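Take a look at the chain below. Keep the sequence beside the model as you read.

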Amino acid sequence: MPMRRTVNFLALLLLVALAFPAGAALAQPAAAAAAAAAASAGADFNDDGVTDLAVGVPGENDFAGAITVLHGAGVTGLSGSGSQLFMQVAGAVEGGDLFGAALAAGNFNGDAFADLAVGAPGEVAGSAAAAGAVSILYGSPLGLTASGGQLFTQVAGAVEEGDLFGSALAAGDFDNDGFADLAVGAPGEVAGSANAAGAVSVLRGSAAGLTAAGGRLFTQVAGAVEQGDQFGAALAAGDFDSDDFADLAAGAPGETAGTFAAAGAVSVLRGSGGGLTATGGQLFTQVGAAVEQGDVFGSSLASGDFNGDAFGDLAAGAPGEVAGSAVAAGALSVLYGSAGGLSAAGGRLFTQVGGAVEQSDLFGWSLAAGNFDGDDFDDLAAGAPGETVGAEPLAGAVSVIRGSGSGLTTAGGRLFTQVGGAVEADDQFGAEVGTGDFDNDDFVDLAVGAPAEDVSGAFNAGAVSALYGAAGGLSTAGGQLFTQNSPGVPGGAEDLDSFGGNFLSAA
């Protein structure tokens with residue numbers, strides 16, 4: 001089951017800006033996207049056999065935030081009919097909470113229905129501004145419900161100002177007890193005297209749902225804890241050593257590697273009968289290319305089995321990568337799983353596929369894995385929200401890299417621009433990507449966010465496109481576009497809503 005984590009737009013932009021010399025030209029996502037990344041998770045919340053799609057709207061109501069759920073509808077794909085809208089659960093709705101900035105789907109209570117975790121990294125806890133929180137909505141025959149909803153603040157560590165708990169989420173059964181657990185990133189966590197060193201908390205699943213009992217907190221594994229690492233800014237769960245325990249990859253895009261500021265790194269925590277453990281933990285810097293200042297490697301993550309060998313593999317984005325002379329063109333690296341866990345052996349680096357490599361593309365800003373063509377190998381979608389399409393800057397694009405027996409390959413790779421709507425400047429299509437089988441045909445489909453899309457005069461209201469899988473891979477045929485003004489979708493498009501700004505999937 002491929003899983004992926006969200007990335008904080010503003011934090012990443014600051015890292016890239018600080019890492020490059022003054023005057024370097026970088027794509028600047030629009031205000032709504034920079035303030036908060038929306039999110040989406042694909043899962044079957046009503047147990048009807050079809051994947052539904054939860055979409056974050058963190059700009060809603062003065063950035064209090066919301067989520068919208070689009071239901072899968074069999075052969076017709078996603079539908080606005082019967083859509084649901086939720087504000088923060090089990091806590092007060094307040095401006096600046098950024099509810100919906102990160103999402104993760106998992107079966108936390110072991111019933112027949114997928115559940116949803118929703119991050120609100122801007123939540124004020126007590127008097128601590130931006131301490132952050134996570135709400136849980138449970139699935140039911142009618143879909144997600146606020147009944148029995150829960151709210152958690154940081155587990156196993158003090159709740160402090162600026163922790164940004166809930167910025168990243170990943171669900172996985174780390175102790176193999178049949179209940180999904182939840183990993184929560186707090187990239188602003190102060191560790192000792194190191195500001196924004198970052199941390200990851202883990203909540204355990206149970207028959208009663210998620211619980212803080214037995215919860216744990218981890219700081220960076222296999223590397224020094226340092227100021228500005230932002231450990232936990234991105235998370236992905238996958239069984240990298242195929243031992244039936246989900247493992248966790250955690251990005252630290254601000255990590256200094258050697259003398260290179262914000263080069264970035266990824267740590268791996270291993271699953272076990274006792275849950276995640278730092279024992280045997282690993283740390284990786286960029287694979288397949290030189291480690292350089294401002295790469296922000298590890299700012300996005302996606303797990304999937306790209307070579308069909310039953311070991312989970314990991315893709316890690318480095319959207320600040322300089323390709324040739326193109327600043328912030330972006331890249332992604334792939335680490336392959338093995339009995340010993342992830343390995344740099346055979347690791348590769350990819351730049352944009354199906355299109356020219358250009359300055360400020362930010363390729364690798366978002367990642368999602370899924371088997372789009374129904375063969376034995378997961379494929380990878382990678383967003384480049386800074387891509388110029390024709391004469392339209394920041395229109396955005398998504399590349400698809402195919403899986404094969406030897407792993408990911410550029411052979412047959414494709415590039416997509418916005419589906420179901422006009423390609424326009426500053427849409428930032430590809431700012432997030434997510435996967436699920438929305439039409440129940442056994443081919444994984446792709447949802448793509450364009451959080452800066454203007455809708456009926458509403459600035460940066462946002463949109464989500466759906467591309468459907470087939471034997472030949474993803475296709476624009478039957479593609480759809482949803483906004484908050486689409487039939488059946490609640491809420492209404494408003495300035496700065498950022499509907500569809502960031503995606504996390506569980507296909």
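A residue counts as buried under 20% relative accessible area, as exposed over 50%, and as partly exposed in between. Glu494 has a relative accessible area of 34%, so Glu494 is partly exposed. This is a predicted model.

Glu494 sits in the segment after β28 (475-482).

**The whole chain**

Now step back. The chain has 507 residues, and 63% of them are buried. Its secondary structure consists of 3 helices and 28 strands. Along the principal axes, the C-alpha atoms fill a box of roughly 50 × 50 × 45 Å.

Ala316 and Pro141 are 175 residues apart in sequence, and their C-alpha atoms are 36 Å apart in space. Ala316 belongs to strand β18 (residues 313-318). Ala316 has a relative accessible area of 1%, so this residue is buried.

**The largest nonpolar core**

How many residues does the largest nonpolar core have? The count is 18. Phe108, Val134, Ile136, Leu169, Leu182 and Leu210 have the most contacts inside this core. Four strands each supply at least two of its residues: β5 (102-106), β7 (133-138), β9 (168-172) and β10 (181-186).

**Salt bridges**

The chain has 3 salt bridges. The table lists them.

| Arg204 | Asp175 | 2.8 Å |

Start with Arg204 and Asp175, whose closest N and O atoms are 2.8 Å apart. Arg204 is in strand β11 (residues 199-204), while Asp175 is in the loop between β9 and β10. The pair links distant parts of the chain, 29 residues apart. Are these two partners buried or exposed? Arg204 is partly exposed, because its relative accessibility is 22%. Asp175 has 8%, so Asp175 counts as buried.

Asp241 lies in the loop between β13 (234-238) and β14 (247-252), and Arg270 lies in strand β15 (residues 265-270). The pair therefore ties together parts that are 29 residues apart in sequence. Both Asp241 and Arg270 are buried.

Arg402 is in strand β23 (residues 397-402), and Asp373 is in the loop between β21 (366-370) and β22 (379-384). These parts are 29 residues apart in sequence, so the pair ties them together. Asp373 has a relative accessible area of 9%, which means that this residue is buried.

**Positive phi angles**

Most residues other than glycine have a negative phi. Two residues in this chain deserve a look here.

Ser242 is not a glycine, yet it has a positive phi of about 55°. Ser242 lies in the loop between β13 and β14. Its relative accessible area is 34%, so Ser242 is partly exposed.

Leu362 also has a positive phi, near 55°. Where is Leu362? Leu362 is in the loop between β20 (343-350) and β21. Its relative accessibility is 4%, so Leu362 counts as buried.

Terms used
Residues numbered from 1 in each chain as written. Predicted model: local features only at pLDDT ≥ 70, side-chain atom pairs only at ≥ 80, totals over all residues. Heavy atoms only, no water. Buried < 20%, exposed > 50% of the residue type's maximum accessible area, 1.4 Å probe, protein only. Core = buried A, V, L, I, M, F, W, Y, C linked by side-chain atoms within 4.5 Å. Salt bridge = Lys/Arg side-chain N within 4 Å of Asp/Glu carboxyl O.
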